[in-house]
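Hi there,

Here is the structure I promised to send over. Have a look at it first, and then read on for what I found in it.

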Amino acid sequence: MTPEMMFVFGLLAATIVLFIIDKIRMDIVALLVVVVLAASGIISPSDAISGFGNSVVIMIAGLFVVGEALFRTGVAAAAGNWLLKVGGDSETRLLLFLLPVVAVLSAFMSSTGAVALLIPVVLSMARKSGMQPGRLLMPLAFAALMGGMLTLIGTPPNIIVSGQMREAGIEPFSFFAFTPVGLSVLIVGSLYLVFIGRFLLPTTEIRDPDSSHPTLSEFADRYGISDQLHKLVVQPGSPLTNKTLTEVGLRTNFEITVFAIQRSGKFLSTLMPVLSHTKIQALDTLIVYGTDEKIDAFSQACMVRHQGFPEREIQKVREQFGVAEVLLPPNSTLINQTLKEGRFREKFNLSVIGVRRQNSPITTEFTVTKLEAGDTLLLAGSWDHISTLESRRDLVVLETPAEMLEIASNPKKAPIAIGIMATMLVVMTFSIIPNLTAVLIAALAMILSGCVTMNQAYRSLNATSLVLIAGMLPLAMAMESSGALSYVVNILVERYGNASPLFLCAGLFLLTSLLSQFISNTATTVLIAPVAISVAQLLGLNPAPFMMVVAIAASTAFATPIASPVNTLVLGPGNYRFVDFAKVGIPLQILALAVTLILTPLIFPFN
């Protein structure tokens, strides 16, 4: 063993220890690896930083932008709503639908791309359902890796082993030759993830890093208006018919606040904000805030019927309407005015549903209570009108709810976003142009078409994931250039070259899977595939089962967050630690090993 090999093995061991100890951020550890390699001379300084310009890193950055566009146009939320509809509030059912979806996508496109596109969907589902993203994201990543085992183009190792067979004069694998073994691994692995693996993940509540905002429920508790949201249907003959809220005087006479109306049309019902000129019609459904006592009095006086308000309908209202907390600065023209004199609905198209003074909610009377400097108000209305508050001089926006992060800022662009994404998937599936080019074109198209702004695109880049991947790629380069990888392979071949075929396959699987935890599965396959062919030919055996084992093992990058860009993508959003991947991933690797060793000789006999 040369000094260069010893240095690289030592650096690899130190890196793994730092990851496991988890006292230093993983992206900082990756940067330390870059600095050490650049200073060591094992590889040149330019090679040490080459990871930041690597095509994989650039492609992942582009996919972050594509995913952000899907989120901003509401496509991710719509997909999440569909999955929640079919999966319900059961985490088990949701995963049983989600895992096959990502696996099928990964069978025909980059698993990294499939996961990047679905991360916003999963986060959206988690926020809406109250589930923990960490219980969903790692199974998502692992299912994508297993989905790559299904077809020839599912993952680079499959293409590499098939190409190596062709070069050696052996009939290469067909497009679906991987499917029987890959599908079996996927089924067994998915059942493990759904019924066992996810329970090994952290159970602490995970919040979106951008979501330090209170939720709508927390705002309601803060202002003492919990359980005051009601749904009322205007009956025919009601005195409200064909009148505006101002003409009826609901706030003046009943102290209730109507902020939305659901109106049935010829084909569908629409939910719309209540503005100063909006006239109420018979059979309109009013969405109101008020105490039970005030609501009962209003119902009897104005011929409206109280209707149940199930959670799924409340969720639909929250997709279009919300609240914002604002402060009255000392120079506000609203000071010393009553809520009625303030004409909030006319000025801001929003309604005041709560007031806090000196950090405590106060009971307000629409025509009597005067506002003071320092009062904080809770305004309710459409998200569109809430988003315009920043430009108002009379109010200072303090906080908006976490749910506002879910609101699609460009919903009209959704068809364009879907078209761009679909085109990207088709181009990547049929290899019309290189994957990197396809992703960059799609990201740029999302920006130019207005699906996502440039600022939103910049904010979408997960710096931790990108730095971690870019920082670890040079370590793989150093292992190859120093001869460390070849050294390991040669020792194992020398020691176990005379063993039984099944034992050799097990050894190849373990070696390939182990190396794939720390370097690119593509690089691992390039190194191991020729060895597998040589061993098979030396023993006079069929190389196909050996090559199939290598291909499947290369995709079992489950045990570390740096094993695959797919794992690194979910590291931040899932708030995982290094050991979390080992706890869930190592049993999955063992299951994949067992399934592969049982099925491969049956489908591809050794003789």
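Before the details, one cut-off: a residue counts as exposed when its relative accessible area is over 50%, as buried when that value is under 20%, and as partly exposed in between. Please also keep in mind that this is a predicted model.

First, the overall picture. The protein has 607 residues, and 54% of them count as buried. Its secondary structure comes to 28 helices and 10 strands. Taken along the principal axes, the C-alpha atoms fill a box of roughly 95 × 50 × 40 Å.

Now to the surface, where you will find a patch of negative charge made up of Glu218, Asp221, Asp227, Asp292, Glu293 and Asp296. Two helices, α11 (216-222) and α14 (292-302), each supply at least two residues of this patch. The largest share comes from α14, with 3 residues.

For a contrasting spot, go to Thr73, in the loop that runs between α4 (55-72) and α5 (75-87). Is Thr73 buried or exposed? Thr73 is buried, because its relative accessible area is 2% and the limit for buried is under 20%. A polar atom of the Thr73 side chain lies 2.8 Å from the backbone oxygen of Ala69.

Happy to go through any of this with you.

Best wishes

Terms used:
Residues are numbered from 1 along each chain as its sequence is written. This is a predicted model: local features need pLDDT of at least 70, side-chain atom pairs count only at pLDDT 80 or more; totals for chains, interfaces and linings use all residues. Side-chain values use heavy atoms; hydrogens and water are left out. Patches are made of residues with over 30% relative accessible area and no salt bridge: like charges are joined within 9 Å, nonpolar side chains (Val, Leu, Ile, Met, Phe, Trp, Tyr) within 5 Å. Accessible areas come from the Shrake-Rupley method with a 1.4 Å probe; for residues, only the protein chains shown count as cover. A salt bridge is a side-chain nitrogen of Lys or Arg within 4 Å of a carboxyl oxygen of Asp or Glu. Lys and Arg count as positive and Asp and Glu as negative; His and the chain ends are not counted. The place of a charge is taken as NZ of Lys, CZ of Arg, CG of Asp or CD of Glu. Helices (H or I, at least four residues) and strands (E, at least two) are DSSP runs, numbered from the N terminus. Buried means under 20% relative accessible area, exposed over 50%, partly exposed in between (1.4 Å probe, protein chains only). A polar contact is a pair of N or O atoms within 3.5 Å; within protein, one must be able to donate a hydrogen and the other to accept it, and residues adjacent in sequence count only if both atoms are side-chain atoms.
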